[in-house]
Amino acid sequence: MRVSKEELFNLMKDKLQKAGLKEDAASDISDVLTFADHRGIHSHGAVRVEYYAERIAKGGITNDPDYKFEKTGPSTAILDGDNGPGHQVAKQGMEKAIEMARENGVAVVGMTNISHSGALGYFVEKAAEQDMVAISVCQSDPMVVPFGGTEPYFGTNPIAFSAPTNDERIITFDMATTVQAWGKVLDARSKGNDIPDTWAVNDKGEPTTNSRDVHALVPVAGPKGYGLMMMVDILSGSLLGLPHGVHVSSMYKDLSAGRQLGQLHIVINPAHFTDVTAFKKQLSVMLDELKEQAPAPGFTEVNYPGERGKMRAEKYDADGIEIVDEIYDYLVSDDIHYDRYHGKNRFAE
């Protein structure tokens with residue numbers, strides 16, 4: 001099924017409002033989800049709506065949160081999300097960080113007590129659009145075996161980065177610290193597809209290709225990914241006084257309970273370090289020079305981080321965004337509760 005960007009946004013917004021969210025929160029979540037699907041990151045798009053709606057309807061996300069923003073220094077602040085929609089809290093946190101970095105050069109804003117916030121690339125691109133450089137990190141529940149271990153301890157703990165150029169190109173990468181994000185497994189399950197044997201292990205610690213037989217994911221690049229996911233957990237968990245590692249609450253186990261997740265935005269204003277125009281021009285030159293390289297066997301060109309998502313967005317603008325039929329049927333239905341998640345563990349589908 002193919003739908004326009006606007007239709008997809010409205011379908012998701014309507015579903016989330018039916019689940020109990022106020023219009024502004026439903027709009028913010030749908031904006032982030034549409035951003036993901038529009039760039040072909042379907043693991044963080046419409047496939048998530050049923051889970052969000054189920055958790056909202058069961059009280060696991062606060063429908064009318066009382067956000068509290070506190071500056072703890074000239075360049076530091078905490079935004080307590082009161083277990084509200086993570087997408088909205090992270091968006092407001094980034095707006096505050098941009099405002100502070102514009103004045104002080106650097107801003108570090110921690111968001112506490114939030115729910116799942118979706119694709120981090122959305123938030124860092126908001127900073128790049130304002131001629132800022134941004135990094136965002138977020139903890140998640142344990143579903144990754146540590147390097148050399150056999151049981152899940154850390155989450156997929158993503159990292160995102162974005163920077164502007166002096167043209168329409170924005171450099172953006174958004175990566176899980178695992179070989180693949182858990183949402184990619186969900187996407188494979190929704191389509192009945194297998195996964196590569198490098199993504200995950202079964203309950204015996206053996207590599208698996210069965211998307212329904214996943215016990216845990218594995219770190220990207222072994223010990224390097226393991227170190228990065230620990231770093232993210234410290235920055236977005238322990239640093240903010242929140243649970244760490246294996247103590248982070250499950251995304252799927254009890255949908256009526258809050259999650260106490262943490263996220264951290266770091267925003268840098270280039271104007272406090274160098275000439276902004278020259279900085280942006282240098283990044284454009286960097287991308288041009290990468291494009292001039294001869295492509296390796298099997299490639300047609302060198303893409304800059306975020307370019308393939310931009311190309312997919314342009315294609316979707318012309319042809320419509322591809323959505324799995326089952327997900328589309330759910331979005332257009334009057335149903336909220338499918339209860340696919342009820343009573344399941346953190347690896348529920």
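Predicted model: local features only at pLDDT ≥ 70, side-chain atom pairs only at ≥ 80, totals over all residues.
Helix H2 covers residues 23-38, and at 1.5 Å a residue its 16 residues should span 22 Å; the C-alpha atoms at its ends lie 21 Å apart, which agrees. The average pLDDT of the chain is 93, and 96% of the residues score at least 70. In residues 341-349 the pLDDT falls below 50, and this stretch has 37 contacts in the model beyond near neighbours in sequence.

Of the 16 residues in H2, 12 are buried, and the helix is mostly covered. The buried residues include Ala 25, Ala 26, Ile 29, Val 32, Leu 33 and Phe 35. Asp 28, Asp 37 and His 38 are also among the buried residues of H2. What covers them? The cover for the buried residues of H2 includes helices H1 (5-19), H3 (49-57), H4 (86-104), H5 (121-128) and H9 (307-319), together with strand S11 (321-322). Just after H2, Gly 40 has a positive phi of about 80°.

**Salt bridges**

Side chains of opposite charge can pair when their charged atoms come close. How many salt bridges does a search of the whole structure find? The search gives 15.

| Pair | Closest N to O distance |
|---|---|
| Glu 54 and Lys 58 | 3.1 Å |
| Lys 291 and Glu 307 | 2.7 Å |

Asp 28 counts as buried because its relative accessibility is 12%, under the 20% cut-off. Lys 91, at 21% relative accessibility, counts as partly exposed.

Glu 54 and Lys 58 form another of the salt bridges. Is Glu 54 buried or exposed? Glu 54 is buried, with a relative accessible area of 0%. Lys 58 has a relative accessibility of 24%, so this residue counts as partly exposed.

The salt bridge between Lys 291 and Glu 307 has its closest N and O atoms 2.7 Å apart. Lys 291 is in helix H8 (residues 276-292) and Glu 307 is in helix H9; the pair links distant parts of the chain, 16 residues apart. Lys 291 is partly exposed, with a relative accessible area of 26%, whereas Glu 307 is buried, with 10%.

Salt bridges also link Asp 167, Arg 169 and Asp 288 in a network.

Terms used. Residues numbered from 1 in each chain as written. Heavy atoms only, no water. pLDDT = per-residue confidence, 0-100. Contact = heavy atoms within 4.5 Å. Helix = DSSP H or I, 4+ residues; strand = E, 2+ residues; numbered from the N terminus. Expected span 1.5 Å × (residues − 1). Buried < 20%, exposed > 50% of the residue type's maximum accessible area, 1.4 Å probe, protein only. Salt bridge = Lys/Arg side-chain N within 4 Å of Asp/Glu carboxyl O.
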